[in-house]
Amino acid sequence: MIEIISSPFMQKAFLAGILISILTGIISVFIVLRKMSFIGAGISHAAFGGIAIGFFSGLNPLFTAIIYTIFVALGIESTSRKGKMTEDVSIGIFYSVSMALGITIISLSKSYNIDLFGYLFGNILAITNGEVLLTLITALTVTAFMVTFLKEFFLITYNEELAMVSGINVRFFNILFLIALSVSIVISIRIVGIIMVSALLVIPGATARLYAKSLISMIAISCLTGFTSVVAGLFLSYEYDIASGACIVLTAAAIFFVSLILKNRE
Amino acid sequence: MRIAIQIENLSVIFNEKEVLKNINLSIEEGHFIGIVGPNGGGKSTLIRAILGIIRPSSGAIKIFGQDPALLPGKKETVFGYLPQHLNIDPAFPSSALDIVLMGRYKKTGLFKWPGTKDREIAEKYLAMMGVGNLKDAQFSRLSGGQQQRVSIARALAGEPRILILDEPGTGLDAVGQEDFYHLLKSLLKKMNLTILMVSHDIGTVTTYVDEISCLNINLYYHGNPLGALDDKVLTSLYGKNMDILMHSGVCEKCERLRSQ
C-alpha cells in the first residue's frame with residue numbers, strides 16, 4: 001500500500017483520477033437525467049481525431065483533443081438544430097467521421113511508435129507533469145462553473161421551456177454544458193481511455209439515481225461512486241498490471257450492480 | 001382596464017406549414033380566458049408565442065406593451081407557466097417543495113439559491129393547492145393529479161401577472177377539476193392575475209371563463225363563452241359532426257330510474 005502511494009507516477013495518477021472523478025461525478029448526474037449518454041460516447045470517440053491531430057502536429061494530444069472535441073460538440077449542436085434532426089443522428093455522423101479522420105492522420109503520419117493503446121484504454125504510467133497541471137486547472141474551472149450554475153442546469157434538466165420563461169438562455173447554457181462535457185472527457189482519457197471514458201459519465205450518475213432524493217444528494221453519491229471506482233481501479237491496475245481504464249470501469253460497474261440489487265431488495 | 005396581451009396579425013409557419021394564421025386578439029388584465037380548439041389547431045403554439053419561446057413568422061405580440069422575447073431578461077416575473085407535458089425522469093431527484101421553489105428562481109436571480117422567504121412562499125402555494133402535506137414527497141412518485149397541483153403551485157410561486165395553463169385539467173378527476181377552476185377564479189381577484197387556459201374540454205371551460213377564444217389555425221371566435229357554442233363556430237373548429245350536450249343540475253335519467 002505504502003509502496004503504491006509513495007511512487008511518483010501513482011501520486012500523479014491518484015491526483016488526476018480524484019479530480020476527474022469529482023468532475024465527471026457532477027457531469028454524470030445531468031447526462032443521466034437528460035438521457036444524453038450517447039453524446040458522452042460520441043464525443044469520447046470523436047476525441048480520437050483530436051489526439052491524432054496532436055500526434056501529427058507535434059502538440060500535446062490532450063490539448064489538441066480539447067480544442068477538437070469542443071468544435072465537435074458545437075458541430076453536433078449546430079447540425080442538429082439547423083438540420084432539424086435528433087441529436088443522436090448528428091452524434092453518429094461526427095463520431096464516425098472523427099474516428100475516420102484520426103485513423104487517416106495516423107496512417108499518413110507513419111508514427112507507429114505512438115502510445116495508441118494507452119490513449120484507447122488508459123495508461124497511468126504515461127501521465128506527464130504538464131498533463132496533471134492541465135487536468136488540475138481544467139477540472140477546477142469546469143467544476144466551479146457547474147457548481148455556480150447548478151440551479152440553472154437543474155431547471156433546464158427539469159423542463160427547457162420553463163427555464164426559458166424563467167429568463168435562462170437555454171441554448172447558451174446547453175452549449176456551455178457541451179463544452180464542459182468535452183473538456184471532462186478529454187482530461188479523463190489518460191486515466192480511463194477513449195473507449196471507456198463514457199462509462200465514467202454514465203455509471204456514477206446511474207448509481208446515484210437509484211438512491212438520491214435531491215440534486216445535492218445525487219451529485220454527492222455520483223462523485224463518491226466515481227471517486228471509489230477511480231481509487232480502487234488504480235490500486236487494482238497497479239497490483240495486477242491491467243490497463244487502468246478497464247479496472248476503473250469494472251469497479252464502477254460492480255458498484256452499480258450491487259447498488260441495483262440492494263435497491264431492488266428494499 | 002390595461003391590456004395585458006395584444007396580438008396583431010400573428011402568423012406562425014413551421015416547416016412551410018401555417019400553424020397560426022392572421023390572429024388578432026386583445027386580452028384585458030384581470031380576465032380569465034379559455035382557448036379551445038381541436039388537436040393541431042395551434043393552441044399550444046399560440047401560448048408558446050405569447051411566452052416568447054417561439055418567434056412569430058409575421059405580426060406582433062405585446063405583453064403589457066413589451067415584446068415577449070425581451071421579458072425573460074427582466075427581473076419581474078410576468079408569466080407563470082404550466083406546460084402540457086413534463087417528460088421528466090421517473091427518478092427525478094426532487095421533492096414537491098424543490099419543484100415549487102423552481103418558480104422562485106427568476107426572482108432569486110443568478111448565483112443565488114432560494115432562501116427562507118422563498119420557502120415560505122412556496123409552502124403557502126402548496127397548501128393553497130391542497131398538497132401542503134406532500135412537500136417532502138418525491139415529486140416523480142406522486143400521482144398525475146398531485147403532480148399537476150404541485151406544478152400549478154410552482155407556476156404561482158413566482159407571483160406572476162399572467163398565468164398560462166396548457167391543459168391543466170389533465171390528471172385531475174371531475175370533482176378535482178371543478179375545485180381547481182373555482183380556485184383559479186378566486187386567484188384572479190386575489191392576485192390580480194390574468195389567466196389563459198388551453199383546454200380541449202369546451203363544455204367545462206365555458207362555465208368558468210370570462211371570454212373564450214376558438215382556435216383552429218384561424219381565430220374563429222373570441223368573446224362571451226356562450227357564443228362559442230354556436231353551430232357555425234363549432235363546425236369551424238371540429239367539423240360537422242359536433243354538438244354540445246348541455247345538461248341541467250338534475251339528471252333526468254336518474255330521476256326517471258328513481259321513480260320506476
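Predicted model: local features only at pLDDT ≥ 70, side-chain atom pairs only at ≥ 80, totals over all residues.

Reader: How many helices and strands does chain B have?

Author: Chain B has nine helices and nine strands. Here helices (H or I, at least four residues) and strands (E, at least two) are DSSP runs, numbered from the N terminus.

Reader: And how much of chain B is buried?

Author: Of its 260 residues, 41% count as buried. A residue is buried if 20 or more other C-beta atoms lie within 10 Å of its own, exposed if 12 or fewer, and partly exposed in between, with C-beta atoms placed from the backbone.

Reader: Which strands of chain B form the open sheet?

Author: Three strands form it, in the order β2-β1-β4 of chain B, with antiparallel pairing. Two strands pair if DSSP finds at least two bridges between them. Strands β2 (17–28) and β4 (58–63) of chain B are at the edges with a single partner strand each, so one side of each has no neighbour in the sheet. The twist from one strand to the next averages 15°.

Reader: What holds paired strands together in general?

Author: Strands of a sheet pair through backbone hydrogen bonds, either parallel or antiparallel.

Reader: How many bridges are there between β1(B) and β4(B)?

Author: Five bridges link β1(B), residues 3–14, to β4(B) in the antiparallel sense. Within β4(B), S58(B) is the residue opposite S11(B).

Reader: Moving on, is β7(B) enclosed or open?

Author: Strand β7(B), residues 194–199, is largely enclosed by the rest of the structure, because six of its six residues are buried. Both of its faces are covered, with T194(B), L196(B) and V198(B) buried on one side and I195(B), M197(B) and S199(B) buried on the other.

Reader: Which strands does β7(B) pair with?

Author: One is β3(B), residues 32–36, which runs parallel to β7(B) and is joined to it by five bridges; there, I33(B) is opposite L196(B). Another is β6(B), residues 162–166, also parallel to β7(B) and joined by five bridges. In that pairing, I162(B) has T194(B) as its bridge partner.

Reader: Now chain A, please. How do α2(A) and α12(A) pack?

Author: Helices α2(A), residues 8–33, and α12(A), residues 215–240, pack at about 150° with their axes 8 Å apart. Axes are lines fitted to C-alpha atoms, for helices over the stretch in contact, and angles run from 0 to 180 degrees between N-to-C directions. The angle therefore makes α2(A) roughly antiparallel to α12(A). Angles under 35 degrees count as roughly parallel, over 145 as roughly antiparallel, 65 to 115 as roughly perpendicular and the rest as oblique.

Reader: What classes of residue make that contact?

Author: The contact of α2(A) with α12(A) has 15 nonpolar, seven polar and no charged residues. Ala, Val, Leu, Ile, Met, Phe, Trp, Tyr, Cys and Pro count as nonpolar, Asp, Glu, Lys and Arg as charged, and the others, Gly among them, as polar.

Reader: What about α3(A) and α10(A)?

Author: Helix α3(A), residues 37–57, packs against α10(A), residues 170–192, at about 55°, with axes 10 Å apart. This makes α3(A) oblique to α10(A). Residues G40(A), I43(A), S44(A) and A47(A) of α3(A) meet L181(A), S182(A), I185(A), V186(A) and I189(A) of α10(A).

Reader: Lastly, where do the chains touch?

Author: In all, 19 residues of chain A are in contact with 22 residues of chain B; two residues are in contact if their C-beta atoms, placed from the backbone, lie within 7 Å. On the chain A side, α9(A) gives the most, with four residues. That side divides into nine nonpolar, six polar and four charged residues.

Reader: What does Q138(B) contact?

Author: Leaving aside neighbours within four places in sequence, Q138(B) is in contact with K213(A) and S95(B). Q138(B) is in the loop between α4 (116–128) and α5 (144–157) of chain B, and is partly exposed, with 17 other C-beta atoms within 10 Å.

How values were computed
Residues numbered from 1 in each chain as written. Chains lettered and ligands numbered in written order.
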